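Here's a quick tour for someone meeting this protein model for the first time. Take a look at it, then read on.

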Amino acid sequence: MHVHQKGEQLNIRASAAQKARLAEAARLQNMNVSQFVLSRSLDAAEEVIADQLIIRVSKEEYDWLLAKLEEPPQDLPELRELFSKPSVFEA
């Protein structure tokens with residue numbers, strides 16, 4: 001027998017009109033208000049997270065980046081000198 005444990009509780013405040021609107025939408029989706037709010041909130045959370053992880057660029061920007069990645073590396077004496085010194089994190 002599978003025992004389903006309830007998760008943590010999340011409380012929100014809403015006006016009567018907002019709650020009624022959520023209840024109507026939940027009913028139309030054959031869900032209770034908690035299921036509806038959790039489902040839609042998780043969808044929105046995934047969208048926000050994806051927007052922060054995915055970088056969107058135009059075709060021109062993408063082509064420019066690929067061209068830059070194909071170029072041979074540049075010799076930067078200042079950078080070589082910097083990396084020849086011990087790190088400030090090495091004691």
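## Salt bridges

A salt bridge here is a side-chain nitrogen of Lys or Arg within 4 Å of a carboxyl oxygen of Asp or Glu. This is a predicted model, where local features need pLDDT of at least 70, side-chain atom pairs count only at pLDDT 80 or more, and totals for chains, interfaces and linings use all residues. Residues are numbered from 1 along each chain as its sequence is written, and side-chain values use heavy atoms, leaving out hydrogens and water.

There are six salt bridges in the structure. One of them links glutamate 81 and lysine 85, with 3.7 Å between the closest N and O atoms. Another joins arginine 80 to aspartate 75, where that gap is 2.2 Å.

## A pair in helix α3

Lysine 59 and aspartate 63 also pair up, at 2.9 Å from N to O. Both sit in helix α3, four residues apart, or about one turn of the helix (helices are DSSP runs of H or I, at least four residues, numbered from the N terminus). Lysine 59 is exposed at 58% relative accessibility, while aspartate 63 is partly exposed at 35% (buried is under 20% relative accessible area, exposed over 50%, partly exposed in between, with a 1.4 Å probe and protein chains only).

## Where α1 meets α2

Leu22, Ala23, Ala25 and Ala26 of α1 touch Val33, Phe36 and Val37 of α2 (contact means heavy atoms within 4.5 Å). Just past the end of α1, asparagine 30 has a positive phi of about 55°.

Terms used:
Helix = DSSP H or I, 4+ residues; strand = E, 2+ residues; numbered from the N terminus.
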